[in-house]
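Reader: I would like a close look at one part of this model. Please take the salt bridges and the helix that goes with them.

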Amino acid sequence: MSKLNWNREFALEQAADDLELLQELLDIFKDSLQSDITLMEQGLAEKSAEKVCGAAHSMKGAAASLGIQGINDVAYIIEQDSREGGLGVAEENLDALKNLLSELKKL
């Protein structure tokens, strides 16, 4: 089973059952997720929980809108920790996010 835990039916419903639109949304999300991961890396390097939190919040919302629960779950726990000033959860899960992005790129 995929770690993305993607609810394709939900995503297709969000795209009004338009496969072409769904693919466009996925492509946009792939680019957005890469940017958010880069922003998170910068936040970690700068020890900026605020930057990490913003990146996690962005990826969490976008993943939820496309039914990609695996990314949503990881982003959620990072957001919660960084909202309280922590960086440890982001440091521990950065590789997991990168792996999920690699898996997402195969869609």
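Is Lys 98 buried, partly exposed or exposed, and what is its relative accessibility?

Author: Bear in mind that this is a predicted model. Lys 98 counts as partly exposed, because its relative accessibility is 32%. That falls between the cut-offs of 20% for buried and 50% for exposed.

Now its partner. The side chain of Lys 98 meets that of Glu 41 in a salt bridge, with N to O at 2.7 Å. The two ends come from distant parts of the chain, 57 residues apart. Lys 98 sits in helix H5, residues 88-105. Glu 41 sits in helix H2, residues 19-45. Glu 41 is also partly exposed, at 29% relative accessible area.

Stay with H2 for a moment. It has 27 residues, which should span 39 Å at 1.5 Å a residue. Its end C-alpha atoms are 39 Å apart, so expectation and model agree. At the start of H2, Asp 18 comes in: one of its side-chain oxygens reaches to within 3.0 Å of the backbone nitrogen of Glu 20. Just after H2, Lys 47 takes a positive phi of about 55 degrees.

H2 also has a buried set. Among them are Leu 22, Leu 26, Phe 29, Leu 33, Ile 37, Met 40 and Leu 44. Lys 30 and Asp 36 are buried too. An α-helix has 3.6 residues a turn, so residues three or four places apart point the same way. The cover over the buried residues of H2 includes helix H1 (8-14), H3, H4 and H5.

Back to the salt bridges. The whole structure holds five. One of them joins the side chains of Lys 60 and Glu 79, at 2.6 Å from N to O. Lys 60 lies in H3 (residues 49-65) and Glu 79 in H4 (residues 69-83), so this pair ties together parts 19 residues apart in sequence. Both ends are buried. Lys 60 has a relative accessible area of 18%, and Glu 79 has a relative accessibility of 1%.

Glu 79 has another partner. Its side chain meets that of Arg 83 in a salt bridge, 2.2 Å from N to O. Both residues lie in H4, four residues apart, about one turn of the helix. Arg 83 is exposed, with a relative accessible area of 52%. Taken together, Lys 60, Glu 79 and Arg 83 are linked in a network of salt bridges.

Key:
Residues are numbered from 1 along each chain as its sequence is written. This is a predicted model: local features need pLDDT of at least 70, side-chain atom pairs count only at pLDDT 80 or more; totals for chains, interfaces and linings use all residues. Side-chain values use heavy atoms; hydrogens and water are left out. A salt bridge is a side-chain nitrogen of Lys or Arg within 4 Å of a carboxyl oxygen of Asp or Glu. Buried means under 20% relative accessible area, exposed over 50%, partly exposed in between (1.4 Å probe, protein chains only). The expected span of a helix is 1.5 Å times one less than its number of residues. Contact means heavy atoms within 4.5 Å. A polar contact is a pair of N or O atoms within 3.5 Å; within protein, one must be able to donate a hydrogen and the other to accept it, and residues adjacent in sequence count only if both atoms are side-chain atoms.
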